[in-house]
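Me: Could you walk me through this structure, a bit at a time?
Reply: Gladly; here it is.

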Amino acid sequence: MSVLNRYLLRRALFMLFVLLLAGMGVFVLSDLFQRLDVFMDADYPPAGIALYFIIRLPMIASQILPAVFLLAMTLQLSLMNKQRESLALQAGGIAPSAFFRFVFIYGLFWSCAQFACAQVLGVAGEKRA
């Protein structure tokens, strides 16, 4: 793996996980407030409510991952442009196809991860929840 790919991967993963955690937090909080009356009527203990949301995390991740991926890549590209990193890559002789190849492989990996979350972990979690 080249230095450029490691650098892009590190920045992309950081952005993706920060935005994924924030998105999952917002999703869980909105879902909690939406279902709070159901939990209170059923006298669920707080540990049971936490377990319910832990079980649902793969499905939540699969639902918000496309938007988070798009937002993370857009944010990464804009930050690279603002910090003149894309200009430095062009001046250094790095072809734009190297960056597009990274984005394509990275997107393909996350689409497979999203599919796995939705079809394997998400279905099992929704049945259990």
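Reply: Leu-29, Phe-33, Leu-36 and Met-40 make a nonpolar surface patch of about 420 Å². Patch residues have over 30% relative accessible area and no salt bridge, and nonpolar side chains (Val, Leu, Ile, Met, Phe, Trp, Tyr) are joined within 5 Å. This is a predicted model, in which local features need pLDDT of at least 70, side-chain atom pairs count only at pLDDT 80 or more, and totals for chains, interfaces and linings use all residues. Residues are numbered from 1 along each chain as its sequence is written, and side-chain values use heavy atoms, with hydrogens and water left out.

Me: Is Met-40 buried or exposed?
Reply: Met-40 is exposed, with a relative accessible area of 55%, where exposed means over 50%, buried under 20%, and partly exposed in between (1.4 Å probe, protein chains only).

Me: And which helix holds Met-40?
Reply: Met-40 lies in helix H1, residues 3–41.

Me: New topic: what does Gln-76 touch?
Reply: Leaving aside residues up to four places away in sequence, Gln-76 touches Leu-8, Arg-11, Ala-12 and Met-15, where contact means heavy atoms within 4.5 Å. Gln-76 is in helix H2 and is buried, with a relative accessible area of 1%.

Me: How far apart are the C-alpha atoms of Gln-76 and Ala-12?
Reply: They are separated by 6.8 Å, although Gln-76 and Ala-12 are 64 residues apart along the chain.

Me: Where is confidence lowest in the chain?
Reply: Confidence (pLDDT, from 0 to 100 for each residue) is lowest in helix H3, residues 85–91, at a mean of 72, and highest in H1, at 88.

Notes. Patches are made of residues with over 30% relative accessible area and no salt bridge: like charges are joined within 9 Å, nonpolar side chains (Val, Leu, Ile, Met, Phe, Trp, Tyr) within 5 Å. Accessible areas come from the Shrake-Rupley method with a 1.4 Å probe; for residues, only the protein chains shown count as cover. A salt bridge is a side-chain nitrogen of Lys or Arg within 4 Å of a carboxyl oxygen of Asp or Glu. Helices (H or I, at least four residues) and strands (E, at least two) are DSSP runs, numbered from the N terminus. pLDDT is the predictor's confidence in each residue, from 0 to 100.
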